[in-house]
Amino acid sequence: MVSFNSSEFAKFKIIKSFNIEAATVIQVPRWVFRFSKRLLGFGMAAIYSLYIINKSGGLIYYKDYGSAGRMDTNDTLRVASLWHSMHAISQQLSPVSGCSGIELLQADTFDLHCFQSLTGTKFFAVCEPGTQQIESLLKFVYELYTDYVLKNPFYEIEMPIRCELFDIILTQSVQKDRVALLGQ
Amino acid sequence: MQFFGGSEISPSPPPPTASGNNGHMLYVFNRNGICLLYREWNRPLHTLNAQQDHKLMFGLLFSLKSLTAKMDPTSAEKGNLGVPQLPGQGCSFHSFRTNTYKLSFMETPSGIKIILVTHPRTGDLRDSLKYIYNLYVEYVVKNPLYTPGSPIRSELFNTTLDQYVRGIA
């Protein structure tokens, strides 16, 4: 976990209060790049999209990284709440006790990795079949979520995420992997 | 279409992907959602009665299939969410994994669904499911006394199946 040092937090406050074009002010901390490099070392492949749903199944964050035939907003909401229910049903069908829901769904053309935090917020990513390291990426996204969303004093819990810093850092860390992939 | 390439049937069972007695249960559904066969080898936890459990399982598979068909990131034309699809139409799925079990799924062109629930660390069971389908064709469909759509009551099929699943998972 990172904590804001005073200068970073100051920047954060300035952006929030004066609504300055965020990209011009923010410098991404070094550790973000370090993490991206770590992912690259394992040869990370493409992510198609990323979803975050709150504990009652509402979509609070959706990002598409270039899947064919983009879904409209209503469809993403439906898909997210459908996933929430499927996750719950899979726990009921477990043959042994202590089931915490689907972690990986392997479809014909994609893999869906899901990570559920202790508070019930679910993070799931749609990626190419056979992609490794998505679990650690989701945990990293969770870390970003706790640092840049939950610590944002203007964020209302369980509501859609509109935090510029979170957006920027997430996009940068995911896009870096994609750019590296295209260059291969 | 993800159906088997060509008409070849695998005459010998695929090699085991895990050793030990890790198979939990197996379901066979027909395309109307009727549970033709339910086998249970190792299931300590029963949350529902048998009928409710089968309904819930079929519902989960149906909904997951419409979810994967809608989510498919490689095709632009996906239709609407929840519209029923023919077997083989749209993007389907072959397995999912939780922390306590792994469910492998296969749908045949005639809409027969075979579901095998095993230990979460079992490998890819797609070939094994094809082999189980093969057993179904040999022992059930080719049986002249079997009425299609009715629950399977074949002692020979059950014992062969038990033996095979004990060997693979």
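Predicted model: local features only at pLDDT ≥ 70, side-chain atom pairs only at ≥ 80, totals over all residues.
Local features need pLDDT of at least 70 and side-chain atom pairs count only at pLDDT 80 or more, while totals for chains, interfaces and linings use all residues. Residues are numbered from 1 along each chain as its sequence is written, chains are lettered from A in the order in which they are written, and side-chain values use heavy atoms, with hydrogens and water left out.

**View 1. The interface as a whole.** Here 39 residues of chain B meet 37 residues of chain A (contact: heavy atoms within 4.5 Å). Together the two chains bury about 3,500 Å², with 67% of it on carbon and sulfur atoms (accessible area, 1.4 Å probe, lost on putting the two parts together, summed over both). Met71(B), Pro73(B) and Arg97(B) supply 20% of the area chain B buries against chain A, more than any other three residues.

**View 2. A salt bridge at Arg97(B).** Glu103(A) pairs with Arg97(B), their closest N and O atoms lying 3.1 Å apart.

**View 3. Strand meets strand.** Strand S3 of chain A, residues 102–107, runs antiparallel to S3(B), and five bridges join them (strands are DSSP runs of E, at least two residues, numbered from the N terminus; pairing takes at least two DSSP bridges). Look for Leu105(A), which stands opposite Phe96(B) in S3(B).

Conventions. Salt bridge = Lys/Arg side-chain N within 4 Å of Asp/Glu carboxyl O. Helix = DSSP H or I, 4+ residues; strand = E, 2+ residues; numbered from the N terminus.
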